[in-house]
Amino acid sequence: MIQSRYLKEARNFQMNQRAIPFATTNRNKIREIEAVLEHPIEVVENLDIPEVQCKGFALDDILYVAGEKAREAWKANHCRPVVVEDSALCIEGLEGRPGPLVDQFAGTVEARRALCRSLDEGASR
């Protein structure tokens, strides 16, 4: 019953051609997503979403962080649908690190490049 209600809502959403609600402050990300989906994006702003942390680097940890971020965004958006994005950088030569902690581990593009250069040339990146 509940599942069919959600399917019906999803079909109505698509048929109405409403913009997809997306929580981000990155305007470049919005342009990229609109180009890929060929569908307008509605930026949902001013959501106070806590930064979710985890202790590990496994896939379960990455899924946990993304799931909690989505749940918190949904709550902050008054229990209305909203899309969130989260990323992780898993380097095999570093046993999956930094994973979802990429911003704390190497917060800038330059730091990430330096991290990759620091690996032995024979190590898997």
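Close-up 1. Helix 2 gives way to Glu 38, a residue whose phi is positive, near 55 degrees. This is a predicted model, in which local features need pLDDT of at least 70 and side-chain atom pairs count only at pLDDT 80 or more, while totals for chains, interfaces and linings use all residues. Residues are numbered from 1 along each chain as its sequence is written, and side-chain values use heavy atoms, with hydrogens and water left out. Helices here are DSSP runs of H or I with at least four residues, strands are runs of E with at least two, and both are numbered from the N terminus. Glu 38 sits in the loop between helix 2 and strand 2 (41-43), and it has that positive phi although it is not a glycine. For background, most residues other than glycine have a negative phi. With a relative accessible area of 72%, Glu 38 is exposed (exposed is over 50%, buried is under 20%, and partly exposed is in between, using a 1.4 Å probe and protein chains only).

**Close-up 2. His 39, in the loop between helix 2 and strand 2.** Is His 39 buried or exposed? His 39 counts as buried, at 15% relative accessibility. Its side chain reaches the backbone oxygen of Arg 18 at 2.6 Å. That is a polar contact, meaning a pair of N or O atoms within 3.5 Å; within protein, one must be able to donate a hydrogen and the other to accept it, and residues adjacent in sequence count only if both atoms are side-chain atoms.

**Close-up 3. The start of helix 2 (residues 27-37).** Here a side-chain oxygen of Asn 26 comes to within 2.9 Å of the backbone nitrogen of Asn 28.

**Close-up 4. Asn 46, in the loop between strand 2 and helix 3.** Here's another positive phi on a residue that is not a glycine: Asn 46 has one of about 60 degrees. Asn 46 is exposed, with a relative accessible area of 81%.

**Close-up 5. Phe 105 in helix 4.** Which residues does Phe 105 touch, not counting those up to four places away in sequence? They are Pro 98 and Leu 115, where contact means heavy atoms within 4.5 Å. Phe 105 and Leu 115 are 10 residues apart along the chain, and their C-alpha atoms are separated by 9.3 Å. Phe 105 is partly exposed, at a relative accessible area of 45%.

**Close-up 6. The largest pocket.** Its volume is about 550 Å³. Of the 24 lining residues, Ala 23, Thr 24, Glu 51, Lys 69 and Glu 85 are the closest to its centre. A pocket, on a 1 Å grid over the protein atoms alone, is an open set of points where a 1.4 Å probe fits, with protein on both sides within 12 Å along at least five of seven lines; lining residues have an atom within 4 Å of a point. Grid points are joined across faces, edges and corners, and the volume is the space filled by probe spheres set on the points. Helix 3 (59-76) and helix 4 (102-105) each supply at least two residues of the lining, and helix 4 gives the largest share, three residues. By class, the lining has 10 nonpolar, six polar and eight charged residues (nonpolar covers Ala, Val, Leu, Ile, Met, Phe, Trp, Tyr, Cys and Pro, charged covers Asp, Glu, Lys and Arg, and the others, Gly among them, are polar).
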